[in-house]
Amino acid sequence: MIDAPDATSTRPYLIRALYEWCTDNGFTPYVAVAVDDSVQVPREYVKDGEIVLNISLDATSSLKLGNDFIEFKARFAGTAREIMVPVSQVSAIYARENGQGMVFPLGLPKGAKTAPSSSVNLVSVPDGAYVAQSEDKVVQLTSVESDRRNDEPNDQPDPPRPASTGPRPALKRVK
């Protein structure tokens with residue numbers, strides 16, 4: 001029997017499941033990635049140490065959602081780029097159209113240690129509801145209202161833009 005510390009991470013499996021759910025329902029899957037030296041992305045699109053990537057079939061080619069890396073080719077401003085993201089750096093996967101998805105805790109910096117009993121449980125709660133046990137981290141996924149302009153080219157994975165009216169797209173972490 002495999003002990004929990006020796007078990008394979010659930011993160012790549014959850015990413016694949018949510019990716020499949022998005023594509024099956026006609027949604028556009030986006031991943032938010034915490035960028036460090038292990039992430040191979042165009043640095044000019046990184047903002048505040050994070051990049052949001054459109055990983056839909058229309059925006060990528062040769063997409064591989066592996067257990068260790070997400071790899072694909074995509075065009076940024078018309079230039080083809082090879083993208084490689086360690087699964088451990090994916091902080092969220094969600095549908096652009098409605099914001100439904102999952103937020104993941106980022107790993108500790110190299111050399112840092114954590115107690116084996118520490119855990120993070122992520123749950124989706126309806127607006128205004130908050131019920132958590134002492135160790136739970138509650139993530140509230142709010143609805144997204146997209147105002148993407150139809151005249152923009154779709155060759156670049158753009159993050160959702162804030163709407164000028166109505167609620168702003170957001171993943172909200174409630175502690």
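Visitor: Is Ser-56 buried or exposed?
Guide: Ser-56 counts as buried, because its relative accessibility is 10% and the cut-off for buried is under 20%. Do keep in mind that this is a predicted model.

Visitor: Where does Ser-56 sit in the chain?
Guide: Ser-56 lies in the loop between strand S2, residues 50-54, and strand S3.

Visitor: And which residues does Ser-56 touch?
Guide: Leaving aside residues up to four places away in sequence, Ser-56 touches Tyr-19, Thr-28 and Pro-29.

Visitor: You mentioned S3. What sheet order is it part of?
Guide: S3 belongs to an open sheet of 3 strands, ordered S3-S4-S5, and the pairing is antiparallel.

Visitor: Which strands are at the edges?
Guide: Strand S3 (60-65) and strand S5 (79-86) are the edge strands, as each of them pairs on one side only.

Visitor: What's the twist like?
Guide: From one strand to the next, the twist averages 15°.

Visitor: How many bridges are there between S4 and S5?
Guide: There are 8 bridges between S5 and strand S4, which covers residues 69-76, and the two run in the antiparallel sense. To find your place in that pairing, look for Phe-69, which stands opposite Pro-86 in S5.

Visitor: Nice. Zooming out, how many helices and strands does the protein have?
Guide: The secondary structure comes to 1 helix and 10 strands.

Visitor: What share of the residues is buried?
Guide: Of the 175 residues in the protein, 34% are buried. As for the surface, the protein exposes about 10,900 Å², and 50% of that comes from carbon and sulfur atoms.

Visitor: How much of the contact count comes from residues 24 or more positions apart?
Guide: Such pairs account for 52% of the contacts with a separation of 6 or more.

Visitor: Where is the pLDDT below 50?
Guide: One such stretch is residues 108-140, which has 41 contacts in the model beyond near neighbours in sequence. Residues 142-154 also have a pLDDT below 50, and that stretch has 32 contacts in the model, again beyond near neighbours in sequence.

Key:
Residues numbered from 1 in each chain as written. Predicted model: local features only at pLDDT ≥ 70, side-chain atom pairs only at ≥ 80, totals over all residues. Heavy atoms only, no water. Pairing = 2+ DSSP bridges. Helix = DSSP H or I, 4+ residues; strand = E, 2+ residues; numbered from the N terminus. Axes fitted to C-alpha atoms, helices over the stretch in contact; angles between N-to-C directions. pLDDT = per-residue confidence, 0-100. Contact = heavy atoms within 4.5 Å. Buried < 20%, exposed > 50% of the residue type's maximum accessible area, 1.4 Å probe, protein only. Areas by Shrake-Rupley, 256 points an atom, 1.4 Å probe, with all protein chains shown as cover.
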